[in-house]
Amino acid sequence: MASVQSRPLTTTEGFLCGGLAACIAVTVSNPAEVGKTRMQLQGELARGGGEKVYKHALDFFSKTWRNEGIRGLQRGLGPAYVYQMLLNGSRLGLYEPFRRTINRIIGRPVTDQIPLTSVTAGAASGALGAALGNPLFLIKARMQAYSPALPVGTQHFYKNSFDALSTIWKSEKVRGLYRGVDAAILRTAMGSSVQLPTYNWTKNQLVTRGILPANNVWTYLASSSVSGICVCLVMQPADTALTRMYNQPTVTGPDGRLRGRLYKNPIDCLWKTFKAEGVYGWYKGSTAHFLRIAPHTIITLTANDIILTAYQRLASS
């Protein structure tokens, strides 16, 4: 993504640089992610949206700080770090190799920024990262939903990430760890399909029109801001479905396997949510989602460009 380079980065180098950038970002954005998760779960499938434990994003921050402190605001941060390495390492590290490969297949120069191949590469790299990181996202969502003071939705108490993985493995094995993976792939593919294409398009417009220079923090920030807005708009309904599928209670089916009590798949979740809560149900927690996705996208993509530029300069010296 950075223009200062002596050679193309290897896939491993891109994966590690992208993962590091995302870990920096998630430290800042995780409290808003906790708020988004809880707000998406409150009043689940209740007619008219149900009673609100948290009135809005700022009310969540205030109540959680008073009742749970910094520990409550940063619930799920441990698995979030590992997930971000897997997801964004794949999304940022594999995006360019995928895009260049698709360009070659259709007989176009690898340097061409073609909207269709960019969207396809973004969706493919994001879906792969989501599949790899699903167990971590699952336990992160459940740990973030848990509150000893103001519980919403089904409550899953785990002592830590290892306890969560062990508990799920003992009761459900691999099937349990990959519960909701179809929703995770849908959510991440939708977000990834617009994240890097809109970031690169915005940055290219700013640079080619002479509005901002190429390797400039303000260019990175402006491009990331546009990208964050696009990701939030496209991804919100699928994100709500993912949170609810991860957190839903389970029952034993006729075959003896545990399965979700409320939803069969993400489409079923979206349909049931719409019938009970209307379109508003899909967009519960959208303000908290934007407060999470905007700084996360800005910091991830800006830090990724800065890290790539610094790494390439160091490697060429």
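## A residue, a helix and a pocket

Val-34 counts as buried because its relative accessibility is 0% (buried means under 20% relative accessible area, with a 1.4 Å probe and protein chains only). This is a predicted model, where local features need pLDDT of at least 70, side-chain atom pairs count only at pLDDT 80 or more, and totals for chains, interfaces and linings use all residues. Residues are numbered from 1 along each chain as its sequence is written, and side-chain values use heavy atoms, without hydrogens and water.

Val-34 belongs to helix α1 (residues 11-41); helices are DSSP runs of H or I with at least four residues, strands are E runs of at least two, and both are numbered from the N terminus. Leaving aside residues up to four places away in sequence, Val-34 touches Phe-60, Gly-72, Leu-73, Arg-75 and Gln-144 (contact means heavy atoms within 4.5 Å).

Now look at helix α4 (residues 115-145). Of its 31 residues, 23 are buried, so α4 is largely enclosed by the rest of the structure.

Finally, the lining of the second largest pocket divides by residue class as follows:

| Class | Lining residues |
|---|---|
| Nonpolar (Ala, Val, Leu, Ile, Met, Phe, Trp, Tyr, Cys, Pro) | five residues |
| Polar (the others, Gly among them) | three residues |

Terms used: Buried means under 20% relative accessible area, exposed over 50%, partly exposed in between (1.4 Å probe, protein chains only). The expected span of a helix is 1.5 Å times one less than its number of residues.
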